[in-house]
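Let's take a walk through this protein together. Have the sequence and the 3D view open, and follow along as we look at some helix pairs and then at a pocket.

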Amino acid sequence: MDTTSLLCDEVWLSTPTPDYLNYNDNIPPKTDTSAEYSSTQVSEVDFLICLEKEELYLPKKGFLNYLQSQNLIFSRFRAIQWLIKTCTRFNLSLVALFNAANYLDRFISINHCHEWKNWMMELLSVACLSVAAKFSETSLPSLHEIQMEGLDHTFEPITIQQMELILLNTLKWRLSSTTSYSFLELLMTMKMDDLFQSSLLKDLLLDRVTQLLLQTILDYKMVECRPSIAAISAMWCGMEELMPSQSQAYLTHITGFFNHIHKDEIVKCRDIMLETKLVDPVYDCRENSEKCPSSPVTVLLKGGIDGQADLSIFNIKESESNIQANKRRRMNR
């Protein structure tokens with residue numbers, strides 16, 4: 001096998017600079033890594049770089065309309081919820097989680113299947129998590145372990161591996177996604193050192209904003225919200241809850257990177273977050289998630305029903321599509 005074909009060539013710096021960026025003349029050029037600059041200035045440079053990159057990692061325009069027209073709102077919700085629960089179960093990083101959710105949305109927005117079936121969304125979810133974990137983790141659960149809870153179907157490793165290749169080709173091997181969590185990590189280092197009198201407060205803010213961002217990726221109304229907008233909006237909400245006296249000055253500094261149109265989007269995004277019922281997204285199954293295991297005593301066993309996982313639906317050669325997927329039924333001990 002020619003390993004050079006597996007190289008990922010993300011030449012994102014050759015793309016035009018987005019017109020919504022509002023560069024600050026006081027920020028050093030991004031090519032300058034001199035130690036004379038403070039950690040805040042370096043973070044601001046990185047923030048600008050992420051703003052340039054995020055355009056490459058957004059779902060295609062019209063993604064929300066596509067989800068609605070194909071009745072995929074709930075299917076997508078279940079898929080993202082499964083990603084959150086599985087990452088929590090295996091203690092996978094938030095980087096892997098947000099990347100997997102990004103891969104899933106981008107794939108759906110690009111690969112318009114005529115009819116999405118439950119097994120297709122489940123296979124895609126497993127492939128997205130597997131690729132994301134390989135990209136960011138040092139210790140990985142097996143493909144069998146990943147499928148132990150929360151799915152109606154189980155897939156053979158060969159099936160998942162073929163789906164991974166379809167995913168990679170569809171995404172053009174652009175895996176280093178710029179997600180809302182990418183921006184959160186930078187926002188927590190920008191102009192923040194003077195705001196915290198204790199590390200506990202900083203940890204509380206990080207936890208609160210992370211929870212808001214997890215809720216955001218579950219919410220279909222937010223699928224077309226830019227990651228940078230979502231991160232700043234969540235930071236705004238979190239600071240208003242935990243440290244309201246400092247929130248306005250910090251927000252003024254951060255929004256200085258954007259023009260007035262995107263400032264308006266930050267306000268709208270923040271309003272949606274405030275209107276949303278704030279629950280713990282890790283454990284929130286919602287009323288219709290009947291197929292999510294409710295407790296450790298709920299056991300999923302492989303049933304005797306065989307189904308064909310026709311991967312030609314995902315634009316793969318017909319000869320590669322004869323793979324078995326076994327239907328699983330939930331049974332209580």
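Before we compare helices, here's how their directions are worked out: axes are lines fitted to C-alpha atoms, for helices over the stretch in contact, and angles run from 0 to 180 degrees between N-to-C directions. Helices themselves (H or I, at least four residues) are DSSP runs, numbered from the N terminus. Keep in mind that this is a predicted model, where local features need pLDDT of at least 70, side-chain atom pairs count only at pLDDT 80 or more, and totals for chains, interfaces and linings use all residues. Residues are numbered from 1 along each chain as its sequence is written, and side-chain values use heavy atoms, with hydrogens and water left out.

Start with H10 and helix H11 (residues 244-254), which pack at about 160° with their axes 7 Å apart. Angles under 35 degrees count as roughly parallel, over 145 as roughly antiparallel, 65 to 115 as roughly perpendicular and the rest as oblique. That's why H10 and H11 are called roughly antiparallel to each other. The contact (heavy atoms within 4.5 Å) includes Ile232, Met235 and Trp236 of H10, along with Tyr250, Leu251 and Ile254 of H11. Sorted by class, the residues of this contact are nine nonpolar, two polar and two charged. For that sorting, Ala, Val, Leu, Ile, Met, Phe, Trp, Tyr, Cys and Pro count as nonpolar, Asp, Glu, Lys and Arg as charged, and the others, Gly among them, as polar.

Now hop over to H4, and look at helix H5 (residues 118-136) beside it: the two pack at an angle of about 135°, with axes 8 Å apart. H4 and H5 are therefore oblique to each other. Among the residues that meet are Tyr103, Leu104 and Phe107 in H4 and Leu124, Cys128 and Phe135 in H5. This contact of H4 with H5 has 15 nonpolar, three polar and no charged residues.

H4 has another partner too: the axes of H4 and H9 come within 11 Å and cross at roughly 20°. So H4 and H9 are roughly parallel to each other. Here Leu94, Leu97, Phe98 and Ala101 in H4 meet Thr210, Leu213, Leu214 and Ile217 in H9. Seven of the residues in that contact are nonpolar, one is polar and none is charged.

Finally, where do these helices turn up again? Helices H4 (94-110), H9 (199-218), H10 (227-242) and H12 (260-275) each give at least two residues to the lining of the largest pocket. A pocket is found on a 1 Å grid over the protein atoms alone, as an open set of points where a 1.4 Å probe fits, with protein on both sides within 12 Å along at least five of seven lines; lining residues have an atom within 4 Å of a point. H4 supplies the largest share of the lining, six residues. In total 44 residues line this pocket, and Leu58, Pro59, Val223, Glu224 and Pro227 lie nearest its centre. The lining is made up of 21 nonpolar, nine polar and 14 charged residues.
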